[in-house]
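This briefing walks through a protein chain topic by topic, moving from strand pairing to helix packing, domain contact and a single residue. Please keep the structure in view while reading.

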Amino acid sequence: MVNTPYGGSLKISMDIGNEERHIAGLKGITAVKPFVDFFYDSLKLADGSYSPLEGFMNEEELETVLKGKVLPNGLPWTIPIIFAVDTSQNDKVRAGDQIALLDQDGRPYGIMDVETKYMLKKKEMAQDVYGTLDIKHPNVQDIFERYGDFAISGRVKVFRLPKLPGGVYEKHPSDVREEFARRGWKNIVAYQARNPPHVAHEYLQKVSLEIPGMDGLFVHLIIGRLKKGDYKADVILDSYSALLKNYHRPEKTLMGSLSITMRYAGPRASIFLAIVRRNYGATHYIIGRDQAGVGNYYDPYAAQRIFDEMDIGIIPLKFKETFYCKKCRGITSESVCPHGMEERMVISQTRIREMLKNHQEIPQEIIRPEVAKILENGDVLNE
Ligand SMILES: [Zn+2]
């Protein structure tokens, strides 16, 4: 059996195919276009990716998540799923209202029953989740500069699926679970990524697949709002397709996208991302060095240690830093390679981006040629 959903069952709130009827019912009610982060989250609440959450968090839920890393019922949960209303629309939305949700093109896709409205404690939220008030941190900057001052809570129903950056790779948890079942997979390891793959990433995937009894690898790519210098969505998708096609067994891998805004919250984000992957049916979850980190805000292994104190029903596979070792003549890791730092070829994403900008050739020890070819195409980064 694939893993059970977090909290017991998938909480799905979608009614696709009855768009006309739903739109007719929207006459006269307030329409709101959520900020893109909340737009993505509304779709993931509706398709069960965030189970057991059934709607945007109210003040009590937010408080227990911030202070205790749990939902009010005691179930571990680390990342706020909130809906801050744009200041311009604040006066139009009240507790008790039903509102229409508009996608990024202004077309209605869902309905929300607004249960409560409350003032966001932004400082508290930034400090508790991201551990900093520094607006150089991308999510902290969002909280202070892009989120409205008030949040609304309540359930969402989605009646139309808007276009998402992941395109055809964007799958619901129920679809992926069905596919796993069809393939007869029971033990599934999920791999979180948001960048084109290095050979070191492939190594972690393959080492995990070598675990006796492991049936398959689910590569789940976070694709969402782009910051300057991020890889474009289709570059991430194409480069992973190239890796899977040329270096993985097709019957052992499945790729999907998760169009949400990345939370660079280190350990808290790692738990959250693992919960989502459990909802997709994964039994195991790969955590490399500095997962969900940004800059130097988090200890690189804090994202692994947090799994020692929180059990969310998925087996964490923790890996030390991986690199190409000239003496070993291959990809290896701190856990097994006995050689010194001087033998290691460590090339960061930042360095690769620099090399791309300067039209330098990327070494094959670091990136597969089929992937490098896509990256060297130019125009791969968001300006
Ligand atoms: Zn070595």
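In this predicted model, strands β5 and β7 pair in the antiparallel sense, with 3 bridges between them. Within that pairing, I111 stands opposite K157 of β7.

**Strands around β5**

- Strand β5 also runs antiparallel to β4, to which 5 bridges join it, and here I111 of β5 is the bridge partner of A100.
- Strands of a sheet pair through backbone hydrogen bonds, in either a parallel or an antiparallel sense.

**Helix α2**

- Helix α2, which covers residues 36-46, has 10 of its 11 residues buried, so the rest of the structure largely encloses it.
- The buried residues of α2 are D37, F38, F39, Y40, D41, S42, L43, K44, L45 and A46.
- These buried residues pack against several strands, β2 (55-56), β3 (83-85), β4 (98-102), β5 (108-113) and β7 (150-158), and also against helix α5 (138-145).
- Just after α2, G48 takes a positive phi of about 90°.

**Helices α4 and α5**

- Helices α4 and α5 pack with their axes 10 Å apart and at an angle of about 170°; because angles over 145 degrees count as roughly antiparallel, the two helices are described as roughly antiparallel to each other.
- On the α4 side the contact is made by K122, M125, A126 and Y130, and on the α5 side by N139, V140, I143 and F144.
- By class, the residues of this contact of α4 with α5 divide into 6 nonpolar, 1 polar and 1 charged.

- The protein chain is divided into domain 1, residues 19-158, and domain 2, residues 167-375, and the centres of the two domains, taken over C-alpha atoms, are separated by 28 Å.
- Domain 1 brings 21 residues to the contact and domain 2 brings 22 residues.
- On the side of domain 1 that touches domain 2, the elements giving two or more residues are α2, α4 (122-130) and α5, and α2 gives the most, with 5 residues.
- That side of domain 1 has 8 nonpolar, 8 polar and 5 charged residues.

**The parallel sheet**

- An open sheet is formed by 5 strands in the order β10-β9-β8-β11-β12, and the pairing is parallel.
- The edges are taken by β10 (253-258) and β12 (315-318), each of which has a single partner strand, so one side of each is left without a neighbour in the sheet.
- Neighbouring strands of this sheet are turned against each other by 25° on average, direction ignored.
- Strands β8 (residues 188-193) and β9 (residues 216-222) run parallel and are joined by 6 bridges, with L217 of β9 as the bridge partner of V189.

**Residue T116**

- T116 lies in strand β6, residues 116-119, and counts as partly exposed because it has 15 C-beta neighbours inside 10 Å.
- Leaving aside neighbours within four places in sequence, T116 is in contact with N58, E59, A95 and S153.
- T116 and E334 are 218 residues apart in sequence, and 50 Å lie between their C-alpha atoms.

Definitions and conventions. Residues are numbered from 1 along each chain as its sequence is written. This is a predicted model: local features need pLDDT of at least 70, side-chain atom pairs count only at pLDDT 80 or more; totals for chains, interfaces and linings use all residues. Helices (H or I, at least four residues) and strands (E, at least two) are DSSP runs, numbered from the N terminus. A residue is buried if 20 or more other C-beta atoms lie within 10 Å of its own, exposed if 12 or fewer, and partly exposed in between; C-beta atoms are placed from the backbone. Two residues are in contact if their C-beta atoms, placed from the backbone, lie within 7 Å. Domain bounds come from an automatic or database domain assignment. Ala, Val, Leu, Ile, Met, Phe, Trp, Tyr, Cys and Pro count as nonpolar, Asp, Glu, Lys and Arg as charged, and the others, Gly among them, as polar. Axes are lines fitted to C-alpha atoms, for helices over the stretch in contact, and angles run from 0 to 180 degrees between N-to-C directions. Angles under 35 degrees count as roughly parallel, over 145 as roughly antiparallel, 65 to 115 as roughly perpendicular and the rest as oblique. Two strands pair if DSSP finds at least two bridges between them.
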